[in-house]
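Work through the exercises below with the structure in view. Each task is followed by a solution in steps.

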Amino acid sequence: MLKNKEYFFLLLLTVSTIFPKWILSLVYFDNSTLVNTIFNVKDIQYFPLIISVSDFIFNPSYLENYSENKLIPFPVYGIFLHALFFKVLGIFSIITLEFIFQLAFLIVFFKTINRIFNNLNITILFCFLIFLFISLLQITLLHENVKYIKFLLDSLD
């Protein structure tokens, strides 16, 4: 029963960090899901590659100097899972994979920290404080543009 409480806490932490971003963008901005996804995801350079791999186009020509017969190498293994989910779920695959990857990260992080502290309550408190610290850094950057806080947040994000 104790393991179920751990996983419920991690699931709750994941939901509380991911869903507000997506729900607020749907409520306050009258954009399509595609536009909200582009605005909510920081690294948008992979979108054309994900779409190309999901359509089995392994030699996209995005540049004028290269023709379509030449191969342009790009990280296929890094985007293969995204392309597979994109083929099945469409644009909602980005939201789904963000949820799955953050939950997987939290499970690994929680188990690692639990091995260090050997106390479940301290581990839960530590994980909560880390996420609270990251949220406070993001709120601080909204009000003041301090480049050291931005560097710290970029390394933690």
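Rings of Phe, Tyr and Trp (its six-membered ring) count as a pair if their centres lie within 6.5 Å. The model used here is predicted.

**Exercise 1.** State how many aromatic pairs this rule gives, and classify the pair Phe-109 and Phe-126.

Solution. The count under the rule is four aromatic pairs. For Phe-109 and Phe-126, the ring centres are 6.4 Å apart, and the limit is 6.5 Å. Their planes meet at 25°, and planes under 30 degrees apart count as stacked. The pair is therefore stacked.

**Exercise 2.** Find which helices the pair Phe-109 and Phe-126 ties together.

Solution. Phe-109 belongs to helix α5 (residues 92–117). Phe-126 belongs to helix α6 (residues 120–143). The pair therefore links parts that are 17 residues apart in sequence.

**Exercise 3.** Classify the pair Phe-117 and Phe-126, and name the aromatic cluster.

Solution. The ring centres of Phe-117 and Phe-126 are 5.5 Å apart, with planes at 65°. Planes over 60 degrees apart count as edge-to-face, so this pair is edge-to-face. Phe-117 is partly exposed at 36% relative accessible area, and Phe-126 is partly exposed at 31% relative accessibility. Phe-105, Phe-109, Phe-117 and Phe-126 make up one aromatic cluster.

**Exercise 4.** Decide whether helix α3 (residues 47–54) is largely enclosed, and name its buried residues.

Solution. A residue is buried under 20% relative accessible area. In α3, this holds for Phe-47, Leu-49, Ile-50, Ser-52, Val-53 and Ser-54. Six of the eight residues are buried, so helix α3 is largely enclosed by the rest of the structure. Following α3 is Phe-56, with a positive phi near 60°.

Methods
Residues numbered from 1 in each chain as written. Predicted model: local features only at pLDDT ≥ 70, side-chain atom pairs only at ≥ 80, totals over all residues. Heavy atoms only, no water. Helix = DSSP H or I, 4+ residues; strand = E, 2+ residues; numbered from the N terminus. Buried < 20%, exposed > 50% of the residue type's maximum accessible area, 1.4 Å probe, protein only.
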